[in-house]
Amino acid sequence: MGETEPNNDQKPKSEVIEETKLIDNLTIKRTKRHFRPAHYLLKIQSYSLLCDTGVEKYDSGVFEASGHKWRLSIYPKGNEKMNGSGHISIYLAIVDTEKYTLGWEIYVSFKLFLFDQIQDKFLTIQDVDGVIRRFHDIKTEWGFHKFLSLKSFEDLSQGYLVNDCCVFGAELFVHERNAKREFLTMIKEPLNRTMPWKIENFSSLDKVTYYSKIFQVGDVRWKLLVYPKGIYNGESKVISLFLFCCDCILPEHKFFAEFKMRIKDQVNNENHVEKTEKHWFTTSSNEWGFSHFMPLKDLQDVSKGLLMNDALILEAEIIVISNVK
């Protein structure tokens, strides 16, 4: 598959972007830029003498970038095994990998360069669409079988080979795999989802609020919260019930719960009073429920069986809960 030569009637050479398909059907992009490669430059003097030695491949010296060691491998006459004849083939190879643990993988995006000595610009060649290459113990090099046609390279007007001298370059970016991961799961009807709380001597309660003991549902700890005379301390003559999350400590902590709050029917065990809510619990909103759960006169109605022997039984039941790992 041949190289696409620039059409100078359409654009100045410095602006030409050439695209050609590689053997693996991935597209590469060619551009030119003034600033030099960030990580490595290789200047070859007397390039023709290097070719006359009959060398198939020249391996550059080792350079360090992004915490790893690399080298360039250049085929002056093309990598024939990869159908690169008639072109320069060039590859980025990772070296000194013996120290890496078994199964190592390094993900890299990179650009390879050839200096245009007439325009004082670098021909820049890279995979389009931000393709990230995976280097591992079996595949330690990636590059371009048809980096540039020999016809273009040897054309003196192109500026790549001047006075038998050329300059190649490389820059790369390693995509580290140490990103923080979060796994969110929504769990329906979790185990131990019901939290019962029996309150004795209800009529004698004189504090504004009371908390139950701690209950654990999944990985999250909860308490029930009751205002015996309502959240407005008797003004509305209601009982207020809330679910309180004990684990909303840091700003990033958030837990979802769909839940029921109920006052149990202690006589018939069937006419419970219950309401359902759902909420994301956070540090700034760590309790949620019902400021007007029910009027106190209904709670105290003996026929309803909710308050027996001055005791009532509250329950909170988690229907759906979030779990974050």
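I started with the lining of the largest pocket and sorted it by class: three nonpolar, three polar and seven charged residues. For the classes I used Ala, Val, Leu, Ile, Met, Phe, Trp, Tyr, Cys and Pro as nonpolar, Asp, Glu, Lys and Arg as charged, and the others, Gly among them, as polar.

**Ground rules.** I note that this is a predicted model, where local features need pLDDT of at least 70, side-chain atom pairs count only at pLDDT 80 or more, and totals for chains, interfaces and linings use all residues. Residues are numbered from 1 along each chain as its sequence is written, and side-chain values use heavy atoms, with hydrogens and water left out.

**Back to the pocket.** I got about 280 Å³ of space for the largest pocket. Of its 13 lining residues, Glu-182, Glu-252, His-253, Phe-255 and Val-324 are the closest to the centre. A pocket here is an open set of points on a 1 Å grid over the protein atoms alone, where a 1.4 Å probe fits, with protein on both sides within 12 Å along at least five of seven lines; lining residues have an atom within 4 Å of a point. Grid points are joined across faces, edges and corners, and the volume is the space filled by probe spheres set on the points. Strands S19 (254–263) and S22 (312–324) each supply at least two lining residues, and S22 gives the largest share, three residues.

**Overall.** I count three helices and 22 strands; these are DSSP runs numbered from the N terminus, helices being H or I with at least four residues and strands E with at least two. The C-alpha atoms fill a box of roughly 105 × 45 × 30 Å along the principal axes. Buried residues are 45% of the 325 (buried is under 20% relative accessible area, exposed over 50%, partly exposed in between, with a 1.4 Å probe and protein chains only).

**Ser-66.** I found Ser-66 in the loop between strands S5 (63–65) and S6 (68–75). Ser-66 is partly exposed at 33% relative accessible area. Beyond its neighbours within four places in sequence, it touches Leu-172, Phe-173, Val-174 and Glu-176 (contact is heavy atoms within 4.5 Å). The C-alpha atoms of Ser-66 and Phe-173 are 6.7 Å apart, though 107 residues separate them along the chain.

**Positive phi.** I looked up two non-glycine cases. Asn-163 has a phi of about 55 degrees, sits in the loop between helix H2 (150–154) and strand S12 (165–175), and is exposed at 70%. Asp-310 has a phi near 60 degrees, lies between helix H3 (296–299) and S22, and is partly exposed at 22%.
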